[in-house]
Each structure stands twice: as structure tokens, then as C-alpha cells.
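Student: Could we look at a structure together and work through some questions about it?
Tutor: Gladly! Here it is.

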Amino acid sequence: MIRKWSFSPYIDTKAVVRKIESESALLPYFSHQDGKYTYRMNERTRVYGLGEQIRGINKRGWVYESYCADDPIHTEEKRSLYGAHNFILVDAGKDERFLAFFDYPAKIRFDIGYTDSDIIQVTPENDRLDLYLIEGGTLKEIIREFRSLIGRSYLPPFFAFGYGQSRWGYVKEEDIREAVSKHREAGIPLDTVYLDIDYMEDFQDFTVNKVRFPDLKALSAELKEQGIRLIPIIDAAVKVREGYSVYDEGKEKGYFCKDENGEEFVTAVWPGRSVLPDFLNEDASRWFGNQYQTLTDMGIEGFWNDMNEPALFYSDKGLKTAFEKIKTFEGKNLEVYDYFNARNVFPSLSNSKEDYTAFYHRTPEGVFNHNDVHNLYGFNMTRSASEALQRIRGQRFLLFSRASYIGAHRYGGVWTGDNHAWWSHILQSIRQMPSLNMCGFLYTGSDIGGFGGDCTRDLLLRWLSFAIFTPLMRNHSAVGTRRQEAYSFGDTEDFRDIITLRYRLLPYLYSEFMKAALKNDLYFSPLSFVYEDDEIAAEVEDQLMVGEALMIAPVYTQNVSGRMVYLPEEMTMVRMHKGEISIEELKQGHHYIHIPLSDVVFFIRKGFAIPLCDPADCTDKLDYATIQLIGTSDSYELYRDDGVSLKASLENVRIISNSRERS
Ligand code: MIG
């Protein structure tokens, strides 16, 4: 019944883990019947986990499914987003706390008090899974143990912590130059500009459109002089076109997924008819990874991997059936249900079960139908890129993915996909960050300002005020939406001040990130993980701890000039107003804090200090010699390195203080 899936992520280290090898080992937590794992909650049980998902930090009261999905409408009733992070951390009080990790690559359902409000029921499609249980200790200790099981988090280069500007709609070199110069003119710091699918020739991976980007290498070198890196997108699917070397070579070597007859499975995504590299096949994966060199040779130091759930718009077969079906409606006097059915013929072609079961992977463990290993596709694409970039560059690189599975955090970060310019999506992002951190995805962020829909000035300011704390800080939006660069809403001072604060905080943010990565700790944590006995803190889901010393309480509603903030202990409130920093001591308890659009407010824990440095317009120019500590301690453990070496260790931590350096 228990099986090992070797192309699944796991185990690097010998963690204290009880692997379930017999039914009795499931006790006292789960009973196992009819393929379902059942656990009974008590009244106060809180359930953390599931990584990138919708709804709360406490997942109780909904049903979730892991089946990596290309779904751009992230509303409360959804059950799956792009990731499959099959773990729950159950807190039923001090005497019963455990984490269960269901290592299972097909569809699996987590009913967390949805059908019956006291019952957790986990239902995989079949029994070929590995289950790991980690018990005892504090919430943070359990997470550390889980993380030591699944491996160390990916380490991005220092520049990856700068501000990034992206837009699906920058189609030519001039668009990129304009974005850069407008930030620089307004004094808004910037480190990266992203290239979306239009930089490619006919959406063919690893090609560059010669007309719109005549010399990418020269452009990349020129921008780097200004402290800017270009970050191109890579899509999973490869265009079917003879004469396109990536297609020809992959076809000749048999590296694309095949259908049941051994023919290449042809789907369609942005490049039109395309094939899917078999990332679960080691040779194919290595080969695809090597292709990134085409772009690194042009000076590129980072990528984002998209459409790797994989997203499938339609297949040859699906399209044929759809045309046949639509003809049956023609000329008929349609009843309303006929009309609805007719209307749905084409939309239902995308990401269909028919297609996901129509192709196969040749893995080291044998041949698998895609549906049985669906959730490993994006994970293995990122792994392919990450391993290759390590080989090619021998240095750190920026890399993040849309789809992921537990273990993908070892190879890159994730962004949370196609969110919207909705106020509720600031809150959603706040809640996703700690859950992603729990399973090792530390390099994370959401499209600032929202990907879909039209952004407004106030929304962008509030969103940025939160996102200055997210490791990945990128403004991204879809073609056709209102422009939302930080210079697009008239006055730029407020935007400049907020983004500048990010840069001033970088010595802290980078230190906390690296320490969290190297110690298997959380960068973002829910308040309940720090203040375990505080029943009020336990229910606060719109404030987060950032690293060891900070707490944030972002504003995520429109037309308010402040909000209620809960302080679990006495703290130092730090306010940035028009670029100036001021501080005030506040007592434990609830406070109404006035936070106009132009201000950023955050809190330092009692007995802690954080470093702040002088502003700079890109990470290359940050000057650590200007660091000053603020807070109620006179020292801080600063992590500092060259920002590019693959080797990173806690030996890079040293204690600094305002007056002098100590070692
Ligand atoms: O079908 O490349 O999530 O960030 O801008 C849409 C175009 C494809 C989805 C990504 C989004 C990106 C867009 N892509």
C-alpha cells in the first residue's frame, strides 16, 4: 500500500520523522477507512498549512484540493490554485500538535471541517502515497522539523530583493527603456524589469524577437550599468515548428510527452500547437534546462517559469471533438440549456481532465499517466531550470515559478499567479505568505496592484506598503488593464517614499530571509507561532511577524485612514512619513492607528532592534556603512554576504551595534 515515488521531492536529511508503515502507526491521529484519512477536531483546534491556497491562515471550515490549476479567478469558493502543498499542521492544544505531510502527486482533497465541522478528512484518488507525521513541540519546532525533512530553501541573489516592474504588454525594447527611465526620473528605486511572453519570437521558448528586441545582449548590458536586470519569462510548452531547434532536437531525442499510441501529445498554449517537455524524465529535464543558456549568454541572471501546471488551452483531439459537437447545435431551435451547453463547448476545452489523462511521462520509476503525477510537473520544470542555472552560472540566480509542489522550494521561489486589483487580494496575499513559508517557500510575493482588473492609486499605495516586506516585490499586471507602474498615478512622491523604505529595510529583510532559510525557520509567521498562549493573537490573520523583530499590520481596505492593530506585547511603533522615520512606544493591547496613504507603519518587538540604512536607487548601491539600529536593543545579528555565491552559511552573521562592531 505504501510506495515510494523517487521523483517526488523529499528527504535530504535524517529528520526525526515517523513514516507511516502500518495502519496502527496512524493512531492516535487518523483512522483510515475506504481510502479516507479521518481526524476529529476539538472546538479550539486550529489547522494551518496547505501553502498557496485561498482563505485563511487557519484553514478550518472549507474544502481544498491539490490539483495544480491555471485559474485566474481567485475567489473564496475555489478549491485549488497553482500549488499542491499537501500538509496540515494541526494544533489541538499543547498536548496534541502534529504535522501530516501527504506525499502524493495526484489529486487529493482536504476537507477541513467542511462536510462536518469537527472532522478533517483527507482523500487521495488512490492509496499510493507516503505519509509523514511530525509530532510534539511548539508550532515553530514542528515546522523546523518538517523543513529539515523536505530540504533547504532556495537562496536568491541579493538583487532579487530589489523592486521589480513587470507588465504583460511591454512588447519592445523602448517599453523597457521607458519603464526604467520613468522610475529613475521620479527617484523610485528599481532593480528588475520583467520580460513577458512578447519578447519571444512567436512565443517560442529561448528565442528573442529580432524586430522588437534587436540586441537583447546589448540592452541587458546597458541596463545593468544602471543597476537593472532583465528577467524573461519561460513557458512550459514548446511550439511545434520544424526548423525551430528546440522543437527539432526535443522531438528527435523523444523528450516530449507522448500519448497512448506513442505519438507526441499535441496541445495548444501561447505558441499555438505545442508539445510538453517531459520534465519527469531526467534526460529531457537536463536537456531543457540547458536551453536557458541561450539567454544567460546574453547576460540574463534570472527567470520566471509560467504555465507549468501545465496550462493547456486545447488539444488537437479536444478541438476536433468540439467542432463536431458544436455542429450538432447548428440550425436547431435551441432550448436555453442547449444554448448554455453550446456556449460551453470551447471554454471547457481548457485544462480538461481528458487532456490531463491523455499523455504520459517516462520517469526513472516507469511510465506514468500524467493525471497520476500531475502535481509534479511545475515542480520538475523549476528543478530543471534551477539545476541547469547552477551548472551554467555557478552563482545564485533569480528564479520563481507559478506551479509548485512540496520540495520545489529547494529550486526557486513562487509568485501567487493571476490575482486581481481587488482589496481582498491584499489580504489574501498577507494570508498566503506564512502558509507558503511553512513548507519552505520563502522567496514569495504576489503581483502588486493585482494582475487582472484596473488598479487605483490608493490600492497600489496600500499594496506596496505591505509588499515592501515580501522577499519578491514585483508590480505586475495584465495586458489591457489600466497602467499601474508607480509613476502612473500623477504625484510620485508617496510611491517613491514607500519603495525607498523597502531599500532602507533591506539589511534587515535580507538578514532575516537568509537566517530563516539557513535555519529552516519562518520569515513570515502568524502571530500565534510567536505568542502561543495568547488567545487573541491566535485569531489575528491580518497582521504578520516578519523575521524575528518586526510585526506588520497592513491596511487592506479602501477609504480608511487607519486601522485597529493588536499588540501582543509592548512594542515600538515605527512610522515613515514623507521619508522621515519617527518612533513611539505603545502598550500591549488594541490600538487604533492612524495610517494615511502616504505613511508606512510597522512595529518592533520589545527587546529587539532592526538595522536601517540610507536610501539607494538599486541594490548594487546600498551602503551598509550607513546602517543605524532602531528599537529597544543595542545590537542586531546582521547577515551579510556577497549576494551571489552559492555557498551561504550562518558564519556570515555578525552582531552589530550602533556604537561599534562586535564579533
Ligand atoms: O495565459 O504570459 O500568470 O503573469 O503575464 C496567461 C502572460 C499567461 C500568466 C501569468 C501572467 C503572465 C501571463 N501568463
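This is a predicted model: local features need pLDDT of at least 70, side-chain atom pairs count only at pLDDT 80 or more; totals for chains, interfaces and linings use all residues.

Student: Which strands are the edge strands of the open sheet of 6 strands?
Tutor: Start with the order, which reads β28-β29-β30-β35-β32-β33, with antiparallel pairing. An edge strand pairs on one side only.

Student: Which residue in β35 stands opposite methionine 551?
Tutor: Residues 550-552 form β30, and β35 covers residues 600-605. These strands pair in the antiparallel sense over 3 bridges. Across from methionine 551 in this pairing is phenylalanine 603.

Student: At about what angle does helix α13 run to β35?
Tutor: Helix α13 spans residues 493-519. It lies across β29, β30, β32, β33 and β35. Relative to β35, the helix runs at about 20 degrees.

Student: Which element gives the most to the lining of the largest pocket?
Tutor: This pocket has a volume of about 620 Å³. Among its 28 lining residues, the closest to the centre are Ser315, Asp316, Lys317, Gly318 and Asp355. The elements that give two or more residues to the lining are α4, β17, α7, α8 and α9. The most, 6 residues, come from α7.

Conventions:
Residues are numbered from 1 along each chain as its sequence is written. Side-chain values use heavy atoms; hydrogens and water are left out. Two strands pair if DSSP finds at least two bridges between them. Helices (H or I, at least four residues) and strands (E, at least two) are DSSP runs, numbered from the N terminus. Contact means heavy atoms within 4.5 Å. Axes are lines fitted to C-alpha atoms, for helices over the stretch in contact, and angles run from 0 to 180 degrees between N-to-C directions. On a 1 Å grid over the protein atoms alone, a cavity is a set of points where a 1.4 Å probe fits but cannot get out, and a pocket is an open set with protein on both sides within 12 Å along at least five of seven lines; lining residues have an atom within 4 Å of a point. Grid points are joined across faces, edges and corners, and a volume is the space filled by probe spheres set on the points.
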